[in-house]
Amino acid sequence: MLQLPNSPRMRTLASRSDAYEYCRQITAKYSKTFYLGTLLMPEEKRRAIWAIYVWCRRTDELVDGPQSPLTTPETLDRWEQQLESIFAGQPIDDPDVALVDTLERYPMDIQPFRDMIAGQRMDLYRSRYETFEELNLYCYRVAGTVGLMSSAVLGVADSCSKTPWDRQLDDDDPVEEAIALGIANQLTNILRDVGEDARRGRIYLPLEELALFNYTEQDLFDGVVDDRWCELMRFQIQRARKFYTQAERGIRALSTDSRWPVWSALMLYQGILDVIERNQYDVFNQRAFVPKPQKLLTLPVAWLRAQAL
């Protein structure tokens, strides 16, 4: 999917509508749960979120995609230069056209995008994290930043429309809650993908926490599911849910038309943790995913929460 040129190609780029359609197709193909949430947004907002998603995916592909063995620090340097070109209004690739248009409609700070690239740099030279503090920085860079990028599109509720008792609670822009949702999603990804990451020689669970439960790296590589592993996973899931709880507190501060899709996306992704539990924490042989009927049943509950909470 990703081609990273050394210099801008001399050709006619896609139209804005074609670029957005490409972003829609990629989002629908690679993130079905997330895509379902975006369909609940107004058209302009959903297209903007698709453009952001595709840039993030292309960034991630540099270190996790088929061509990742060829990725070097210089590759990421060139990718950051291309980012700067996008923020200057000069797209290089077809998907850039959609992101340039999104930035014109929803001005954003470039720093979260740079921070995400810094997260990919970590993946170039790290395959272990000793403490949760180290992992938390990684999670912020590769996922918490997505919350910051998306916040500009989702928007914050007009304080003039709030009642006096709500206004005092919701005056602050929910930045920390947006970051918390990104981190919660990344922690969920890590727990769901433990087996897949292990096959690539990567361990994202903090090593000191493995030791706390007397579970070794070799146990993980061997896919051992026993009482030690189950206790370790319960501990990890509890932490992820705390981040989801923090994120929930910020949803009511969002624009009215953003609350339902964000509640839906949060509940659907959090549901992966429930599936891991139902699978008896065996993430080595069973990939946890939320079945489509359950996804559809989640939507009306999310709508009610968007109205009442």
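Surface first. The protein exposes about 14900 Å², and carbon and sulfur atoms supply 51% of that. Those accessible areas come from the Shrake-Rupley method with a 1.4 Å probe; for residues, only the protein chains shown count as cover.

Ground rules. This is a predicted model: local features need pLDDT of at least 70, side-chain atom pairs count only at pLDDT 80 or more, and totals for chains, interfaces and linings use all residues. Residues are numbered from 1 along each chain as its sequence is written, and side-chain values use heavy atoms, with hydrogens and water left out.

Overall fold. We have 15 helices and zero strands. Helices (H or I, at least four residues) and strands (E, at least two) are DSSP runs, numbered from the N terminus. The radius of gyration is 20 Å, close to the 19 Å from the globule rule for 309 residues, so the protein is as compact as a globular protein of that length. That radius is taken over C-alpha atoms, and the rule is 2.2 Å times the number of residues to the power 0.38. Along its principal axes, the C-alpha trace spans about 55 × 55 × 35 Å.

Inside now. Buried residues make up 52% of the 309. Buried means under 20% relative accessible area, exposed over 50%, partly exposed in between (1.4 Å probe, protein chains only).

The largest nonpolar core has 77 residues. A nonpolar core is a set of buried Ala, Val, Leu, Ile, Met, Phe, Trp, Tyr and Cys residues joined through side-chain atoms within 4.5 Å. Among the members that touch the most others are Trp 55, Leu 135 and Trp 229. Apart from it lies another core, of eleven residues, including Ile 26, Tyr 53 and Val 97.

Val 97 takes us to helix 5, residues 94–105. Nine of its twelve residues are buried, so helix 5 is largely enclosed by the rest of the structure. Those buried residues pack against helix 1, helix 3 (43–64), helix 4 (73–87) and helix 6 (111–125).

Helix 1 covers residues 16–30 and holds Thr 27. Is Thr 27 buried or exposed? Buried, at 0% relative accessible area. Leaving aside neighbours within four places in sequence, Thr 27 is in contact (heavy atoms within 4.5 Å) with residues including Phe 34, Trp 50 and Tyr 53.

Last item, cysteines. Cys 139 is buried, at 0% relative accessibility. Cys 230 is buried too, at 13%.
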